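Thank you for asking me to look over this structure. My notes are set out as numbered points, to be read beside the sequence and the coordinates.

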Amino acid sequence: MLVVARFNPGQTASRWLSPSGRLAASKIPCSPFWAVRFDFTDVLPDVKNPQAYSPGLLCAISSQPSVIPLEDASLIVGPKHALDTGELSSDVDCSYDVQITVKPPIYCLSSKLHQIVYLHTVPALSTLGRQPVQARIHVLDADSFDRFRSIADRNAELLRHVWISQRKAQLAELLPHHARTDSDPTRWSLFSGTADPTDFPHTLHNPHGYDFVFTYEGDVPFCDDPITIYDEIYLYAQVCKDYSWPSAELVISWVRRIRARVNRRKPTQPKAPKAIGLELGARVPTHVRFQALLQQDEDFGKAFDTLAENERLPRECPGESGTVAGFSTATPSGRSSEYYKIFPLSFAFPLLPYMFVPVPLSPTRPSVVVLDMFGVILDRERAICDALRPWLVFAKPPLVPDEATRLYIEFEALAFREQIASGRATSFPASARTALSSLADSLYIPAPLRTTFLDNVLSGILHPAIFEDVETACQELVSGGIAVVALAPHSPSTLDTLRTIIPRRVLRLIDVYPVAIPMHTPIPRTFFPDLLAWCEQLPDRAIAPGRALTTADVVIASGGVGRVIAPAMGYYDSGPKDVYPTAHVRRPNGIECNVRFYVGPGHKSPTPSVVVDGLAELAHVLIERG
């Protein structure tokens, strides 16, 4: 019989995961889908209570075939009945032959009467709870059901053998060579008898099934709608991996206690850096040796042993004494050997940055202001949002434009990472097209419209509009003797496209730095010295003749704190000469500019020199100085 089911990951997780795992699983969004509910064996309903018949397997029905490469993994279902016109697919010329017959015909719209509907014979999802069948709207005829069940039974056994063989091959790579007593993995003692190679200790209580809710109420989908059940199960499986390891709940509780204790403490400013050989008023390097840091903050140095003594984490196995980054890991007297000290990473690993250097604006007017092209000059996020808006009618569940914009930016960042990992040149149009292909799958854009979707949305993304205050602000800056430099996150070839968007009267006011900056990662440490040397060659920079341009004369302005501002503030240990004053330009309804970039209290998080609501306000602030 055909049923409408919806996966219930929260109920499934409650059978064996910890409370934190149940909470994470319950947040997985799930959508209803059509499926065939059956058993591999003949189970007859109770004559006295026919509604108590509760078969325990589900095979999904979708407009897309099964991705599992087995013979007859998908069977074509029909006929179809158009609700709006009353037509039957059997009465019109269709280019496919029905393999599984459903009575009465499955419902659809006339626009999808010719679309193929597939019944997946694999995977067969095992249900838990065994809810009784409440109603039967569609059923398979006897011959079709027998054929479907025999194919599903065969494919389930084939899939099991293939999966176990792959697991054997994976485990074989983990075994030491001296344990491989036979070249044939099937004869190893690890897999002999009835031992299950997939039965690991942390999954002993796994029910190996799923809870579903069966209902015909609410927004019932059509059989030819795309389904998300497999994505939902993949997300649930990831939650199981994240929360099923030993002592997971114990560690989560420990982290919560530490967070609560840290939040109750008052942040204290470190004492003057005179003790580490620096003069008063000098800028502190971004990371120094941990011994010097302990000398710098004497109060923390005295309380360090007490802090490490009190904050302890259980170990699974006792270990021997040793040293980590100069500190002893030997257990104190009177304590069990199953505990060890936890040290702050900034002290245990001195290569990590200790603080972000606060850089105030110079009391005099700067000579150069460097503007991030995206977020300060061009409204890229609005271009993405407007380009995606007409296509969100296909999204299931529905997405608002801002959510779709965030999802696209995430896919775009992943596409850039794949390009870098593969060693290919990072091309923005290629990465954007790859991101849009992934987004089209998430939005369930119909296959015939994919090409139109890619072309139209990509064209919109590549043609963002400038903010309204750009021209007036740039004119004010240049009139005040401040040179305006733009940082473009594109190669020169792609930048030519942007030049056609920006009006010529604005381009005459801006010098574009010829080296592209990353779009989704922090600017590298070697970028800023080269930028400073290039700015020295600008003919219209306001600076006294004979005096070299310094970092204090250059203001870095961007909406991306982690991407641009944090590296400019001395994120790396390059000394005070490479630290720049910065401006955080925030825009209404912006995404990147309104992200709170938080590392830790005080100077452990970057604090821009000035925060402004737009480029016009920044120009006013800089012109007023000196």
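The points below go from the basis of the model to its overall make-up, and then to particular regions.

1. This is a predicted model, in which local features need pLDDT of at least 70 and side-chain atom pairs count only at pLDDT 80 or more, while totals for chains, interfaces and linings use all residues. Residues are numbered from 1 along each chain as its sequence is written, and side-chain values use heavy atoms, with hydrogens and water left out.

2. The protein contains 19 helices and 19 strands; these are DSSP runs numbered from the N terminus, with H or I and at least four residues for helices, and E and at least two for strands. Buried residues account for 41% of its 626 residues, where buried means under 20% relative accessible area, exposed means over 50%, and partly exposed lies in between (1.4 Å probe, protein chains only). Of the contacts between residues at least 6 apart in sequence, 78% join residues at least 24 apart, a contact being heavy atoms within 4.5 Å.

3. The largest nonpolar core has 59 residues, and those touching the most other members are Val-369, Leu-371, Leu-388, Tyr-408, Leu-436, Phe-453 and Leu-618. Helix 12 (residues 428–443) gives the most to this core, namely seven residues. Apart from it lies another core of 23 residues, including Ala-13, Ile-28, Leu-125 and Ile-227. By nonpolar core I mean a set of buried Ala, Val, Leu, Ile, Met, Phe, Trp, Tyr and Cys residues joined through side-chain atoms within 4.5 Å.

4. Leu-436 is in contact with Leu-388, Tyr-408, Phe-453, Leu-454, Val-457, Leu-458 and Ile-461. Ile-461, found in helix 13 (residues 450–461), counts as buried at 3% relative accessibility, and touches Arg-380, Ile-384, Tyr-408, Phe-428 and Leu-436. The C-alpha atoms of Ile-461 and Ile-384 are separated by 5.3 Å, although these residues are 77 apart along the chain.

5. An open sheet is formed by six strands in the order 16-15-14-17-18-19, with parallel pairing. Its edge strands, each pairing on one side only, are strand 16 (510–512) and strand 19 (610–612). Strand 14 (residues 368–372) pairs with strand 15 (residues 483–487) in the parallel sense over five bridges, and Val-368 stands opposite Ala-483 in strand 15. Two strands are taken to pair if DSSP finds at least two bridges between them.

6. Is Asp-372 buried or exposed? This residue of strand 14 is buried, with a relative accessible area of 0%. The side chain of Asp-372 makes a polar contact of 2.6 Å with the side chain of Arg-563; such a contact is a pair of N or O atoms within 3.5 Å, of which, within protein, one must be able to donate a hydrogen and the other to accept it, and residues adjacent in sequence count only if both atoms are side-chain atoms.

7. In helix 19 (residues 615–623), the buried residues are Leu-615, Leu-618, Ala-619, Leu-622 and Ile-623. They lie on the same side of helix 19, because they cover an arc of only 125 degrees around the axis, the arc being that of the directions from the helix axis to the C-beta atoms. These buried residues pack against several elements, among them strand 14, helix 9 (373–377) and strand 19.

8. Ser-66, in the loop between strand 3 (57–62) and strand 4, is buried with a relative accessible area of 14%. Its side chain reaches the backbone oxygen of Val-122 at 3.0 Å. Val-122 is in turn joined to Pro-123 by a cis peptide bond, with omega about 5 degrees.

9. Some backbone geometry deserves a second look, given that most residues other than glycine have a negative phi, and most peptide bonds are trans. The bond from Lys-103 to Pro-104 is also cis, with omega near -15 degrees, and Pro-104 is found in strand 5. Tyr-444, which is not a glycine, has a positive phi of about 60 degrees and counts as buried at 15% relative accessibility. Asn-589, likewise not a glycine, has a positive phi of about 65 degrees, but is exposed, with a relative accessible area of 65%.

Note on methods: Lists of a residue's contacts leave out its neighbours within four places in sequence.
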